[in-house]
Each structure stands twice: as C-alpha cells, then as structure tokens.
Amino acid sequence: MDDVISSLSVCMQCGACVGSCPVTGLNNFNVRRLARRAYFGWTGQDVLKNDVWLCLLCARCHENCPQGINLPEVMVTLRQQAVKVGATPRMITLMKSNLSKYGNPVGVEAKELISLVNEVNLPKSGERLFYAGFYLLADHIESMVKSMLRAGVKVDKVATAAAILQRVGLGGLLKAAMRGVGQSYRETLKKYLLLLPKLGVEVSYLYEEEPWVGAELHTYGLLDEFAEHAKRVSSFLKERGVKEIITPDPISAMAFKKLYPEFVDGFSVEVKTFIEVVAEKASKASLELKNPVGAKAVFHDPCMLSRYLKVIDEPRVALSSVPSLNLVEPIRNKQYTVCCGAGGLEVINPSLAREVSVKSVQNLLSASPDLVVSACPMCTMMLKLGVEKLGAKVEVIDVGDLLWNSIA
Ligand code: SF4
Ligand code: SF4
C-alpha cells in the first residue's frame, strides 16, 4: 500500500491525468487533486466515501501520465483504505454477500444463469477451457442498472445513490430489476460457444460449475477477499486440469492474466481473448467468413483490451475478414479509447456512468458509423445506454454476434 502511494512522489502536477479523465467536468472529481491528497495523507471521509468510488479504473490517465504513475492502482489502494474504515457503498456489500451465497455477484443461481446455453453440447473437461465471465451476468447487471436509472440515481455523489437505495430499498430494487431481465447477452454467449467449433478450436466449458473470476472484489478494494477467492478458483482450475483459458470477456481475461499471477503463487494458466484467437485464424488465412455484412463500422476499444492487455491490432485484423464491412476509426481510439462508463461505476452511480457513456458514444460517432462493434458485454451495455440517451441512429453489436452473422 505504501509503495503505491509513494509512487505519487514523482507527480509534476501537470494535470495531464485530469485532461484525459472521462469523469472530468461531470462533477467535482479531479484525479490530480485526489492523488495529491492521497500522497499527503489528507484523505478524509469526503474522499473515502465519495471521490474514490467515482473512478472507472479505465487507465486513460495512466496512459497519458508523463511520469508513468499508475493512478488506477492508487484508486484501488484508496478503496482498500475506504473499506477498512467502513466507507463502502451498499451495493458493494450486497455483491460481496451474493458472491459468498450464490457464487456470483448478481445473486442468481448458476443453474438459472446457464439455462439458455445448456443445450450447447461441449465437453465439461479439457485442458483448454472456454470462460463465459460477464457474458453470463450482463443481462442481470443491465436490468439492475436500468432499474436504478428509473429510480432516479443522479450524477452527483455516491451518497446520492445510497439515499435512493435507502428510499426504494435495495431488496425491492433488485427484485424489480430481476423481473425485467432479458437474455440478449446470454444469446451472444451461446453464439460464442457455437462459433469456436466452427473455427476449429476445441474447448471445454464448465456450464454451472464455472467459478466466478471475482474481478469486482479487486475493483472495489476488497483485496484480501480477492486473494482468497482467486486462490480457491486457481485450485479448482488446477484440479480440473485447465492449462489454457479462452474468453470473449476482456474483464475476466485481464483478471486471469494480470491479477491472478500477482495474487496466487504459481498461477500459470495461459489466457487468450476470443478476438486474439479469431485474429490468429485470420492472419493464417484459415478464417472463412462467407456472409457479407454491408456496414460502416467502428470498433470500440474496451479499456481492458487496449490499455490493460494491449490487444489493439487483433480486433481490427479479425474485423477486416468480414466481407463488405467498412471499418473506420474514431478520433480517439486504440490506447486512447474513451471508456464506456462501466468499470464498476455502473452499479455505484449509474447516472454518472451513463454520462460517461455519452462521451464515449460521441467519440465513436466522430467516424459517422452505422454500426458500433463492441468486444465486451459491459461496454455493449453502456454504449447502448449512451446511444439511447443521445437518440443516435447507430446500432451497437457484440463482435460475437457480428461474426456469427457472417459465418452461420
Ligand atoms: S499526469 Fe501524472 S504527473 Fe501529471 S498530474 Fe497527473 S499523476 Fe501527476
Ligand atoms: S482511471 Fe479513468 S476514470 Fe479513473 S481517474 Fe484515471 S482516467 Fe479518470
């Protein structure tokens, strides 16, 4: 913890982080000022209860910092301090208890979550594992976020969200959310499961036994809990003989690839994103996409993919193989992508998260596309909210759906 805060000693107060931060201008959040206060130990209740929870961990500031300061890491450290003094938003407490009770943060039985993909017949064991991650939970998260937006959580402080929850009751809100839950992300998941054999990639899938990656524990500063959870998941994967993970979910990919080796001694599972697998096939000319998708498309680089995992060229290589797809670029792209507004903020302050998604969509619209291609279920969810808010005439599609349309 001390090392992370000490890294702020080389800060030149240049403000490049503030200029790159998508939350800047939407409220009083100022990452440079927050980092300064953290360095001097001036993090009072106002900071720990509010400001530290408004960051998306999108790492745009880190990408632009001339001193290479890892501000997302600073944020996680400050959240760890906030957790220690009990300044944790209620939604996080609920997610934590769901995880221990149901094995996932949304609080739905695994059998129910996988009911749609149950009919896809893949082996349940094997060295190369397909991991669904947030594709399994996104329908429920979207429903919850939309419910909170309807309940009127405003762009303000975390305390406002807490007050709304107090008024409508967290249980009532979640029950209402679960009534309207869709299954579009699980439809997409099913296509991913069907696509891999078509691409000649053999995988196993654990169905209801898939252990939850637990990335949100790290996001919200519950580092001891994350370490314990990651160790349990790691032992389970070892028992099942898993040596490689392929996942379309960049959040899970980042957690398995970057966080697990840091928190679990000897974690050595190879991790690849689905889009990397497709790009490999495309560059070896062994990808046969036959159906044209006549559209002007822009790819939204997810922060996890472009900044954390440095997977930048691969989505473009994969999409270039789709017949009749005209791929164009927005003003800010690749490692300078504008975060979709998720990163955990979607459940802490959905209204603020949606304001960020509007900025992200505005950037994508700079390329005048008729299709926005996403490679992350949380990005898809937020970009759809941004498009709806702006009333923009553009369709948001997951890359799995797009490839399915071109191959099936
Ligand atoms: S960009 Fe880096 S050096 Fe500049 S103010 Fe922010 S943290 Fe400090
Ligand atoms: S990680 Fe993203 S949201 Fe957080 S301070 Fe940096 S730029 Fe802003």
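Trainee: Where does Met-304 lie?
Mentor: Residues are numbered from 1 along each chain as its sequence is written, while chains are lettered from A and ligands numbered from 1 in the order in which they are written. This is a predicted model: local features need pLDDT of at least 70, side-chain atom pairs count only at pLDDT 80 or more, totals for chains, interfaces and linings use all residues, and side-chain values use heavy atoms, with hydrogens and water left out. Helices (H or I, at least four residues) and strands (E, at least two) are DSSP runs, numbered from the N terminus. The run at residues 303-308 holds Met-304: helix α17.

Trainee: Is Met-304 buried or exposed?
Mentor: Buried means under 20% relative accessible area, exposed over 50%, partly exposed in between (1.4 Å probe, protein chains only). Met-304 has a relative accessible area of 17%, so the residue is buried.

Trainee: Which residues does Met-304 touch, leaving out those up to four places away in sequence?
Mentor: Contact means heavy atoms within 4.5 Å. With that cut-off, Met-304 touches Pro-250, Ile-251, Met-254 and Leu-309.

Trainee: How many Å separate the C-alpha atoms of Met-304 and Gln-335?
Mentor: Along the chain the two residues are 31 residues apart.

Trainee: How is the protein chain divided?
Mentor: The bounds come from an automatic or database domain assignment. The chain is split into domain 1 (2-84), domain 2 (90-276) and domain 3 (287-407).

Trainee: How many Å apart are the C-alpha centres of domain 1 and domain 2?
Mentor: Domain 1 covers 2-84 and domain 2 covers 90-276. Their C-alpha centres lie apart by 27 Å.

Trainee: Which cavity does ligand 1 take?
Mentor: On a 1 Å grid over the protein atoms alone, a cavity is a set of points where a 1.4 Å probe fits but cannot get out, and a pocket is an open set with protein on both sides within 12 Å along at least five of seven lines; lining residues have an atom within 4 Å of a point. A molecule sits in one if more than half of its atoms lie within 2 Å of its grid points. The space taken by ligand 1 is the largest cavity.

Trainee: Which residues are closest to ligand 1?
Mentor: A residue is near a molecule or strand if one of its heavy atoms lies within 4 Å of it. In all, 13 residues surround ligand 1. The closest are Cys-11, Cys-14, Gly-15, Cys-17 and Cys-65.

Trainee: How do the residues around ligand 1 divide by class?
Mentor: Ala, Val, Leu, Ile, Met, Phe, Trp, Tyr, Cys and Pro count as nonpolar, Asp, Glu, Lys and Arg as charged, and the others, Gly among them, as polar. The shell around ligand 1 holds nine nonpolar, three polar and one charged.

Trainee: And ligand 2: how many nonpolar residues are in its shell?
Mentor: Ligand 2 takes the second largest cavity. Around it are residues including Cys-21, Phe-29, Leu-56, Ala-59 and Pro-72. The shell has no polar and no charged residues, and its nonpolar count is 11.

Trainee: What is the phi of Ala-59?
Mentor: Ala-59 is in the loop between α4 and α5 (60-64). Most residues other than glycine have a negative phi. Ala-59 is not a glycine, yet its phi is positive, at about 70°.

Trainee: Why does Ala-59 count as buried?
Mentor: Ala-59 is among the residues around ligand 2. Ala-59 counts as buried because its relative accessible area is 7%.

Trainee: Is Ser-324 buried or exposed?
Mentor: Ser-324 lies in the loop between α18 (313-320) and β6 (325-328). Its phi is also positive, near 65°. With a relative accessible area of 51%, Ser-324 is exposed.

Trainee: Which residues are in contact with Ser-204, leaving aside neighbours within four places in sequence?
Mentor: Ser-204 is in strand β2 (residues 204-205). At 2% relative accessibility, Ser-204 is buried. Its contacts are Pro-123, Lys-124, Ser-125, Gly-126, Arg-128, Leu-129 and Phe-130.

Trainee: What is the relative accessibility of Lys-384?
Mentor: Lys-384 is in helix α21 (residues 377-390). Beyond four places in sequence, Lys-384 touches Tyr-185 and Val-396. Lys-384 counts as partly exposed, at 34%.
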